[in-house]
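Visitor: I would like to learn how to read this model, feature by feature. Where do we begin?

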Amino acid sequence: MNINQSIETHYVSPTNHRGSRIIATTPGGHKLTHNWNYALNSDANHYAAAEALRAKLDWSSIKAGGSTAKGYAFVTSILEA
């Protein structure tokens, strides 16, 4: 049995002090800020942010993902039995 968890991402516009970035969050309150990589397109930047948070939390690989009205959502397994 797999227990799945989600990671949501959204874009944050640049300010006078910080560049563009993606915020990745989980329903459990984990959060990571990932700087925008101008060599990547929007989809790849959101995936990179979700992947960075997934790796930080030591969850297994991202299984699926896609765009939403507010950003992107990704699904990963946190436990495989």
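**Reading the fold, the core and the rings**

Guide: Start in a loop. Asp58 sits in the loop between α1 and β4 (62-67). Keep in mind that this is a predicted model.

Visitor: Is Asp58 buried or exposed?

Guide: Exposed means over 50% relative accessible area. Asp58 counts as exposed because its relative accessibility is 68%.

Visitor: How does the radius of gyration of the protein chain fit a compact globule?

Guide: For 81 residues, a compact globule would have a radius of gyration near 12 Å. The protein chain has 13 Å, which agrees. The C-alpha trace spans about 45 × 25 × 20 Å along its principal axes.

Visitor: What share of the 81 residues is buried?

Guide: Buried residues make up 31%. The accessible surface of the chain is about 5000 Å², and carbon and sulfur atoms hold 51% of that. For sequence range, take contacts between residues at least 6 apart: 40% of them join residues at least 24 apart.

Visitor: Next, strand pairing. In which sense do β2 and β3 pair?

Guide: Look at the direction and count the bridges. Strand β2 (residues 21-25) pairs with strand β3 (residues 31-35) in the antiparallel sense, over five bridges.

Visitor: Which residues touch the most other members of the largest nonpolar core?

Guide: This core has 13 residues. Ile7, Ala24, Ala50, Leu53 and Phe74 touch the most other members. At least two residues come from each of β2, α1 (42-57) and β5 (72-80). The largest share, four residues, is from α1.

Visitor: What is Ile7 in contact with, beyond its neighbours within four places in sequence?

Guide: Its contacts include Ala24, Ala50, Leu53 and Phe74. Thr25, Thr26, Arg54, Trp59, Tyr72 and Ala73 are also in contact with Ile7.

Visitor: Last, the rings. How many aromatic pairs are there?

Guide: A pair of aromatic rings is described by the distance of the centres and the angle of the planes. The count here is three. One of them joins Tyr11 and Trp36, edge-to-face, with 5.3 Å centre to centre and 85° between the planes.

Visitor: Which parts does the pair of Tyr11 and Trp36 tie together?

Guide: Tyr11 lies in strand β1 (residues 2-12) and Trp36 in the loop between β3 and α1, so the pair links parts 25 residues apart in sequence. Tyr11 is partly exposed, with a relative accessible area of 40%. Trp36 counts as buried, at 18% relative accessibility.

Visitor: What geometry do Tyr72 and Phe74 show?

Guide: Tyr72 and Phe74 are stacked: 6.3 Å centre to centre, 10° between the planes. Both Tyr72 and Phe74 are buried. Together with Tyr47, they form one aromatic cluster.

Notes
Residues numbered from 1 in each chain as written. Predicted model: local features only at pLDDT ≥ 70, side-chain atom pairs only at ≥ 80, totals over all residues. Heavy atoms only, no water. Pairing = 2+ DSSP bridges. Core = buried A, V, L, I, M, F, W, Y, C linked by side-chain atoms within 4.5 Å. Buried < 20%, exposed > 50% of the residue type's maximum accessible area, 1.4 Å probe, protein only. Contact = heavy atoms within 4.5 Å. Rg over C-alpha atoms; globule rule 2.2 N^0.38 Å. Areas by Shrake-Rupley, 256 points an atom, 1.4 Å probe, with all protein chains shown as cover. Phe/Tyr/Trp six-rings, centres within 6.5 Å; stacked < 30°, edge-to-face > 60°.
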